[in-house]
Amino acid sequence: MDKSYRIFTTISIVCALLIIAAFFAGCTTSQPTTKPVTTPPATTAPVQSMTTTVVSTPAPTTVVPPTTTAVVVTSTPVPNYTPSEKTLIVYTAASLKGVSGKLGTEFSQAYPGHTAVFNLDGTQALKTQVENGAYADVFISASNSYTNTLKGEGYFMNSTVKPLTTNYVIVILPATNPGNIKTLADLAKPGVKIAMEDKTVPAGTATYAVLANLAKSTYNQDWNKSVFSNVVTYETSEPGVATKVSLGEVDAGFVYESTYTAAPKDTYSAITIPKADNYLQTYTIGVMQQTQNSGTAQEFEDFMLSSIGQQILKDYGFRPVS
Amino acid sequence: MTRSFLEPNNLLRTLTVIGAAGLIILVTLYLALPVAALFFRTTPELFFSSLSDADVQSALRLSLITSVISLGIVILVGTPFAYIHCRNTYPGKMIVDTLIDLPLVLPPAVAGVALLVLYGRVGLIGRYLNIFGITLAFTTVAVIMAQIFVASPFYLRQAKSLFEQLDPAYEQTARTLGASAFRIFITITIPLTASGLVSGAVMTFGRALGEFGATIMFAGNLPGVTQTMPLAVYVGMEGNFNIGLTISILLVLISFAIMIAVRFLASREVQHA
């Protein structure tokens with residue numbers, strides 16, 4: 001009795017393990033494999049495992065209720081899109097949130113039967129998602145350095161990577177200007193609350209550069225230090241800063257000019273930054289190596305670079321590539 | 001007499017054992033593998049070198065301090081509240097009951113928005129606080145407020161059910177012997193419900209430690225002031241992957257430490273009783 005019982009349990013456990021192994025093997029092979037063409041050289045880059053695709057970390061959803069302004073921030077969780085001929089998945093820098101609706105409609109009109117679905121998030125978040133196996137057909141990046149990193153890691157079809165549009169940094173204030181800020185010098189006043197993007201966000205890198213330039217040319221390092229000590233939050237996307245400003249919870253925020261231009265009148269006041277000190281952010285667009293709709297993806301890129309796409313961007317406050 | 005396991009009776013039993021074993025292994029792996037994967041993704045050298053990073057240390061310190069304070073407030077205020085709530089009927093008790101459970105189902109980000117809209121500088125109450133120079137949004141106090149909001153249901157529900165299940169005979173006997181209500185609460189009610197309250201406190205602490213959505217919305221993200229460990233993980237995963245990974249592992253280790261401590265405390269309680 002004992003012996004046969006032991007045999008049962010051994011065989012049961014072996015069968016159970018086999019079933020589970022088969023289950024996991026089935027799971028991993030059905031995922032779209034997104035291995036890079038060239039393995040990442042840097043030791044700090046995440047090592048790609050050979051047999052399993054690491055499912056990207058879902059980005060938590062930050063949802064803000066629509067205020068009276070047009071600025072609505074949504075950070076979408078990583079969707080598991082199934083590639084299809086009709087629908088294009090475009091990973092887009094968050095600062096294109098306002099214009100993405102119009103771009104989508106116009107694209108569908110220009111290429112009937114095709115739709116573009118935008119996954120909007122900070123470029124740094126999108127880059128991490130792609131590097132961890134997320135599927136995208138087209139990637140619009142707000143940062144040249146992130147684009148170059150992804151190119152180096154083999155995620156882009158490098159020949160398709162082109163500059164798309166540009167954007168300057170501007171300081172926005174709530175319409176009521178609770179902090180009574182009239183000039184850039186006022187940003188250093190004690191008690192002023194400033195919202196800025198985190199330095200990993202392209203808009204954040206741009207802001208840091210702008211502040212350094214201003215400190216060097218016009219104001220001094222003390223001004224620079226005071227401004228940073230007035231920062232109350234480092235947001236993880238550019239629209240996040242715009243929301244905090246529009247809610248009136250901070251006195252000033254650093255965003256892209258396009259956000260200010262495209263917002264409804266009387267949402268924000270603004271203080272422009274002299275061009276000489278400003279940082280011109282260049283957005284790039286490129287087709288992903290892993291795309292299964294390379295034809296449609298190329299059509300989308302052509303559309304974005306065409307006079308129609310460029311005009312839409314211009315209408316929403318973006319500048320043309322010089 | 002030994003029988004083959006392929007015989008009809010034993011076949012059913014064999015299949016049941018396989019199914020049970022499979023189920024247990026599946027659940028265990030589903031919970032354990034992701035945690036294990038964290039450790040496999042880094043090396044001990046990378047982990048220990050990341051520990052000395054200023055952001056990691058400030059996030060760790062901030063998280064622990066705020067979670068402990070949140071827990072303290074929830075216990076100090078929540079225990080008497082739960083006791084009074086259970087032992088008495090009052091108009092609106094049903095509504096209060098529902099409200100206690102509300103933060104459990106409310107998405108944390110919504111909680112954060114709600115707190116911001118109420119206590120923010122232009123908020124419903126916040127605007128009056130602002131006149132007196134009191135700011136709540138984007139401060140460490142906001143972190144604690146957010147944590148209390150989302151984590152208190154865990155303790156309150158536990159305390160409520162414990163006090164409801166406690167046989168009132170003990171308290172009534174003490175009353176007949178002349179003990180005051182306060183003395184009864186301290187010497188009879190609490191010791192009898194202690195182990196349950198501790199487990200509720202542990203869940204509350206864990207929830208407060210892991211709070212993200214309400215914190216980033218109401219308190220913002222400022223290293224050293226409001227950047228708790230979950231926020232640091234989120235920001236780190238996008239910029240400095242190793243930092244994000246290190247903080248994730250730290251959170252796992254802290255969680256394990258808490259659970260082991262609770263198991264130890266709980267087992268001692270049983271022996272005592």
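Q: In which sense do strands S1(A) and S2(A) pair?
A: The model is predicted: local features need pLDDT of at least 70, side-chain atom pairs count only at pLDDT 80 or more, and totals for chains, interfaces and linings use all residues. Residues are numbered from 1 along each chain as its sequence is written, while chains are lettered from A and ligands numbered from 1 in the order in which they are written. Strands (E, at least two residues) and helices (H or I, at least four) are DSSP runs numbered from the N terminus, and two strands pair if DSSP finds at least two bridges between them. A:Leu88 has A:Ala116 in S2(A) as its bridge partner, and over 7 bridges the sense of S1(A) and S2(A) is parallel.

Q: What is the strand order of the open sheet in chain A?
A: The sheet has 5 strands with mixed pairing. S2 (115-121) and S4 (162-167) each pair on one side only, as edge strands. S4(A) and S10(A) (281-287) are antiparallel over 5 bridges, with A:Lys162 facing its bridge partner A:Ile285. The order is S2-S1-S3-S10-S4.

Q: Why is S2(A) described as largely enclosed by the rest of the structure?
A: A residue counts as buried if 20 or more other C-beta atoms lie within 10 Å of its own, as exposed if 12 or fewer do, and as partly exposed in between, with C-beta atoms placed from the backbone. S2(A) is largely enclosed because its buried residues number 5 of 7.

Q: Which helix of chain A has a direction of about 155 degrees to that of S10(A)?
A: Angles run from 0 to 180 degrees between N-to-C directions of axes fitted to C-alpha atoms, for helices over the stretch in contact. Contact requires C-beta atoms, placed from the backbone, within 7 Å. Touching S1, S2, S3, S4 and S10 of chain A, the helix that packs on the sheet is H9 (residues 294-305).

Technical notes: Contact = placed C-beta atoms within 7 Å.
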